[in-house]
Amino acid sequence: MVRETGARSTDLMSEESAEHLCGKCRHYAEEWGPEAETLWEKHHFVPKGYCNYKNPSVLLFGGK
């Protein structure tokens, strides 16, 4: 996506491509993966929205 839009680094002293930056982060992402999975299992994502607490089966998301 970065390449397709023509986006460029804003660091004029040390420009690097998005591919190079992602390459530097890949190892950290792989190391973080197991911990992220553990956290996800413990703390499920709850989407923001309206819940009618008198009738919890009624959920409204996005203002609908």
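The model is predicted, so local features need pLDDT of at least 70 and side-chain atom pairs count only at pLDDT 80 or more, while totals for chains, interfaces and linings use all residues. Residues are numbered from 1 along each chain as its sequence is written, and side-chain values use heavy atoms, without hydrogens and water.

**Exercise 1.** State the secondary structure of the protein and its order along the sequence.

Solution. Helices (H or I, at least four residues) and strands (E, at least two) are DSSP runs, numbered from the N terminus. The protein has two helices and two strands. Along the sequence they follow the pattern α-α-β-β.

**Exercise 2.** Find the salt bridges in the whole structure.

Solution. The criterion is a side-chain nitrogen of Lys or Arg within 4 Å of a carboxyl oxygen of Asp or Glu. The search finds two salt bridges. In one, Arg 3 pairs with Glu 19, with the closest N and O atoms 2.6 Å apart. Arg 3 lies in helix α1 and Glu 19 in helix α2, so the pair ties together parts 16 residues apart in sequence. Glu 16 and Lys 24 form a salt bridge with closest N and O atoms 3.2 Å apart.
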